[in-house]
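Hi,

Here is the structure I said I would pass on. Have a look at it first, and then read on for what turned up.

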Amino acid sequence: MEGGKIKNVVIVILLILNGFLLFLVGGRRMETTQSHESARNSAIQIIRDGGVQLEAENVPDNTELPVLQAERNLEEEKNLAAAVLGADVSVEALGGEVYRCHNGNGWIQFHSTGEFMAELGGPAFALEGESAKHAAALLSELRIESRVLTDTVAGGTGSVTLRQTVSGVPVLNCQAVVHYRDGVIVSITQGRRLPGEVQAAAPKETMSVSTALMRMYNGLKALGDVYTRIEEITPAYTMSVDLSGTARLDPVWYIKTDTGSYQMDIHTGRLSRLGGAAVAADAQIVLAEE
């Protein structure tokens with residue numbers, strides 16, 4: 001009986017201790033969150049004080065996108081081409097790690113750097129429904145998750161430009177243009193895709209949101225571009241391919257102002273115009289975070 005009472009007392013003590021530890025952890029987490037939010041708001045205010053319009057809801061809450069990578073798979077490329085072309089395909093090596101998969105319905109050409117292109121023909125590629133959805137469905141046969149950027153198809157002729165996404169996150173330098181003529185897909189040009197299944201790469205520490213905002217602000221100053229409003233800041237990826245053929249997705253911010261678009265590496269703070277010059281901007285204003 002006495003042993004049972006002692007056991008119950010010990011259990012109660014342990015429960016109280018666990019509750020106290022949870023309270024401490026929760027309090028510390030709340031303090032950290034409040035500190036980060038305060039630093040984020042301070043950075044937004046500094047940018048506003050500099051004469052730039054920036055809405056808080058347009059600023060990401062964190063910079064926690066993981067680094068990803070993918071390895072090229074030649075057998076997968078052949079299978080994807082067969083899925084699009086609708087039958088078995090022959091593979092022709094064109095040199096320089098370029099392979100063309102073809103049959104009577106056309107051909108699709110894959111490069112080690114992720115570039116691809118195609119010429120297609122026949123009733124299997126006839127436009128059905130909305131051109132934007134139809135083009136996205138075609139890319140999905142290549143296992144490319146995508147988002148429509150532009151659609152100029154009218155009367156069955158024109159083009160749809162799509163950007164690849166990974167779990168909904170855009171890959172800024174991976175896209176394709178699907179061309180229609182007389183209600184049929186005839187080609188894919190300017191294609192670039194992630195050449196394989198994604199997997200986690202070695203983790204890399206990212207900067208805080210407040211530091212990223214200051215790097216962005218100073219980077220835009222260093223470029224000397226004139227703007228009055230930051231309209232969009234979107235977490236995104238850029239793809240690079242090394243000499244071994246491994247593709248790497250690095251997290252960036254896509255930044256759109258009222259006069260131009262930019263990307264900024266959230267590991268280094270390197271900011272560049274999309275399709276233009278780059279600058280590495282060190283934050284001149286440091287916002288303390290606990």
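This is a predicted model: local features need pLDDT of at least 70, side-chain atom pairs count only at pLDDT 80 or more; totals for chains, interfaces and linings use all residues.

**A buried arginine without a salt bridge**

Arginine 193 is buried but makes no salt bridge; the nearest side chain of opposite charge belongs to glutamate 77, 4.1 Å away.

Where does arginine 193 sit? You will find arginine 193 in the loop between strand E9 (184-192) and strand E10 (199-200). Leaving aside residues up to four places away in sequence, arginine 193 touches Glu76, Glu77, Leu80, Phe110, Gly114, Phe116, Leu142, Ile144, Gln164, Cys174 and Met239.

What does glutamate 77 do instead? The side chain of glutamate 77 meets that of arginine 72 in a salt bridge, at 2.8 Å from N to O. Glutamate 77 and arginine 72 are both buried.

**The other salt bridges**

How many salt bridges are there in the whole structure? The search finds 10. One of them joins arginine 273 to aspartate 225, with the closest N and O atoms 2.8 Å apart. That pair ties together distant parts of the chain: arginine 273 is in strand E14 (residues 270-273), while aspartate 225 lies in the loop between helix H4 (209-223) and strand E11 (230-241), 48 residues apart. Arginine 273 is partly exposed, at a relative accessible area of 28%.

Arginine 229 and glutamate 231 also meet through their side chains in a salt bridge, at 2.7 Å from N to O. Arginine 229 is partly exposed, with a relative accessible area of 31%, and glutamate 231 is partly exposed too, at 30%. There is also a network: Glu37, Arg40 and Asp61 are joined by salt bridges that share partners.

**Around strand E9**

E9 pairs with strand E5 (residues 115-120) in the antiparallel sense, over four bridges. Within that pairing, alanine 118 has isoleucine 188 of E9 as its bridge partner. E9 also runs antiparallel to strand E8 (residues 169-181), and five bridges join the two. E8 and E9 make a hairpin with two residues between them, and aspartate 182 in the turn has a positive phi of about 55 degrees.

**Helix H3**

Which residues of helix H3 (residues 131-141) are buried? They are Ser131, Ala132, His134, Ala135, Leu138 and Leu139. Looking down the axis of H3, these buried residues fall within an arc of 165 degrees, so they line one face of the helix. They pack against helix H2 (74-85), E5, strand E6 (146-151), strand E7 (158-166), E8 and E9. After H3 comes arginine 143, which has a positive phi near 60 degrees.

**The whole protein**

For the overall picture, the secondary structure comes to four helices and 15 strands. Of the 290 residues in the protein, 41% are buried. Among contacts with a separation of 6 or more, 55% are between residues 24 or more positions apart. The accessible surface is about 15,400 Å², with 53% of it belonging to carbon and sulfur atoms.

Best wishes

Definitions and conventions
Residues are numbered from 1 along each chain as its sequence is written. Side-chain values use heavy atoms; hydrogens and water are left out. Buried means under 20% relative accessible area, exposed over 50%, partly exposed in between (1.4 Å probe, protein chains only). Lys and Arg count as positive and Asp and Glu as negative; His and the chain ends are not counted. A salt bridge is a side-chain nitrogen of Lys or Arg within 4 Å of a carboxyl oxygen of Asp or Glu. Contact means heavy atoms within 4.5 Å. Accessible areas come from the Shrake-Rupley method with a 1.4 Å probe; for residues, only the protein chains shown count as cover. Two strands pair if DSSP finds at least two bridges between them. The arc is that of the directions from the helix axis to the C-beta atoms.
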